[in-house]
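This briefing is meant for a reader who is new to the structure shown below.

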Amino acid sequence: MAGGGFGDGGNLKRAHLYEYKITGYFIFSCIVGALGGSLFGYDLGVSGGVTSMDDFLKEFFPNVYERKHAHLAETDYCKYDDQMLTLFTSSLYFAALISTFFASSITKNKGRRASIVVGSISFFIGAVLNAASLNIYMLIIGRILLGVGIGFGNQAVPLYLSEMSPAKVRGAVNQLFQLTTCLGILVANLVNYATERIHPWGWRLSLGLAVVPAIVMFIGGLLCPETPNSLVEQGKMEEARKVLERVRGTPNVDAEFEDLVEASREAQAIKNPFQNLLLRKNRPQFVIGALAIPAFQQLTGNNSILFYAPVLFQTLGFGSAASLYSSVITSIALVLATLISMFYVDKFGRRAFFLEAGAEMFLCMVAAAIVLALGFGDGKQLSFGVSVFLVIVIFLFVLGFGRSWGPLGWLVPSELFPLEIRSAAQSVVVCVNMIFTAIVAQFFLVSLCHLKYGIFLLFAGLILVMSLFIFFLLPETKQVPIEEIYLLFENHWFWKRYVTDGNQERSSSEHA
Ligand code: BGC
């Protein structure tokens, strides 16, 4: 078997031969590629605000509107429990998780750019439909199209960024996706704050402005080069080599190009990448990258903190400005944290961030549970001091998530898989992430209602479990060239048994 196969450690020696400069062409591609995140972020950020606008509720959810105002006096854990509205929010994630599988074959056969362009078109139409909605059907169809946009964008963008970057800075570059996601959330919240005062159609503007990131991404998708990995995968060798030389800023790309070609040769032999994903030899990457990390990212409880923060801020007495303050504070924490992670993740590594930030997040969840247990519920209001303490806890938690599970929840899966199953794997990553995003969005408020402060203890327990998982089972991937990651599993105390057996499996299927 040519180098690059399992059991052949020879390639690792070639990595030091990779040459690169940070070129303008590379920076341009990355910035445009990363804009895909702003589409995702705008959506994450916009729904919460819009679903709490009275004009919007009166038009589409009159019952909810009445309930909202009838319940104003309530201050306990169940105040915001309403399945109808959360279903409106989560429907987008359900659409995203299904569409991402269609995205997989386009990303693989037509390239990463094609998926980015398709995603932006669907997102554009969805945003227009939403802004013009006359009835609930238009609203839901719009949401579904937005979900399709996200399914495509989140499938292709992380791959695009990971493949474009030289191994040494791959972590930082991939995190541009998270950075633009967080900026998208921030912008959406600011927009909501402004449109809330425009009666009775401000919500249309909020939903409609999503066309802006969609247009930018569409144009960017047309102008950007395809990744060399994808061009090789499509058999466009000359073009691939040209792009690689241009992106790396040097004609000396032999070593890296050979690795790409070899990885692609192996990929050609694979007829059904989804089936291949389940093979024993891919078990480590599958379990870590496609199942555990995307699910755990959501089970940290980050999104429920983001969504619930406005309520806490209201208790603080910020009144109608509460959601603005909370979203600005949490979005700023997210952006800051992403920057920290971007600058240091290729230096200190992925494991270090997962573990130290995990400890911080664990402590924050326990602290939140304790103060809520002592001072909230059964008609008790939070005192000012306790509320300030909670705001600090939220800030620290978000800062922790934002430098670890947030960005790494997308980065690590995108760099784990061999080329032959990378696109298929990324679909499973998006799918699992979206399932858990939807579940948390759908059930957090009802769980809060029943488990009360216990929900935060539950998240603390989950964070402990996921940190142990990282500690024992995730090998460090920093600065390892993407086509050589699989070698890490051959020497891993636990995973090596799967990979070694995988050799036999691979050869038997090749000889069959
Ligand atoms: C997550 C989202 C989250 C966002 C901001 C992303 O990485 O996938 O669910 O809302 O970060 O925290």
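Helix α9 is the element that gives the most to the lining of the largest cavity, with four residues. The model is a predicted one, and that largest cavity has a volume of about 150 Å³. The points below begin with this cavity and then turn to other parts of the chain.

**Cavities**

- The structure holds six cavities of 30 Å³ or more, and the largest of them is lined by 16 residues, of which Leu44, Gln178, Asn302, Asn303 and Phe401 are the closest to its centre.
- Besides α9 (176–195), the elements that give two or more residues to this lining are α2 (36–50), α16 (283–299), α17 (302–315) and α22.
- Sorted by class, the lining of the largest cavity consists of eight nonpolar and eight polar residues, with no charged residues.

**Nonpolar core**

- The largest nonpolar core has 131 residues, and the members that touch the most others are Phe56, Phe397, Trp405, Met434 and Phe456.
- Helix α22, which spans residues 419–451, gives the most to this core, with 13 residues, and α22 is also among the elements that give two or more residues to the lining of the largest cavity.
- When neighbours within four places in sequence are left aside, Phe56 is in contact with Val50, Thr51, Phe61, Phe88, Leu139 and Trp203.

**Cysteines**

- The structure holds zero disulfides, and for Cys30 the reason lies in distance, because the closest cysteine sulfur, that of Cys224, is 8.5 Å away from the sulfur of Cys30, too far for a bond.
- Cys30 is buried, with a relative accessible area of 3%, and Cys431 is buried as well, with a relative accessible area of 10%.

**Backbone features**

- The peptide bond that leads from His199 to Pro200 is cis, with omega near -5 degrees, and Pro200 has its place in the loop between α9 and α10 (202–208).
- Lys452, a residue other than glycine, has a positive phi near 55 degrees; Lys452 sits in the loop between α22 and α23 (454–473), where it is partly exposed, with a relative accessible area of 33%.
- Gln479 likewise has a positive phi, of about 60 degrees, although it is not a glycine; Gln479 is found in the loop between α23 and α24 (487–490) and is partly exposed, with a relative accessible area of 36%.

Methods. Residues are numbered from 1 along each chain as its sequence is written. This is a predicted model: local features need pLDDT of at least 70, side-chain atom pairs count only at pLDDT 80 or more; totals for chains, interfaces and linings use all residues. Side-chain values use heavy atoms; hydrogens and water are left out. A disulfide is a pair of cysteine sulfur atoms within 2.5 Å. Buried means under 20% relative accessible area, exposed over 50%, partly exposed in between (1.4 Å probe, protein chains only). A nonpolar core is a set of buried Ala, Val, Leu, Ile, Met, Phe, Trp, Tyr and Cys residues joined through side-chain atoms within 4.5 Å. Contact means heavy atoms within 4.5 Å. On a 1 Å grid over the protein atoms alone, a cavity is a set of points where a 1.4 Å probe fits but cannot get out, and a pocket is an open set with protein on both sides within 12 Å along at least five of seven lines; lining residues have an atom within 4 Å of a point. Grid points are joined across faces, edges and corners, and a volume is the space filled by probe spheres set on the points. Ala, Val, Leu, Ile, Met, Phe, Trp, Tyr, Cys and Pro count as nonpolar, Asp, Glu, Lys and Arg as charged, and the others, Gly among them, as polar.
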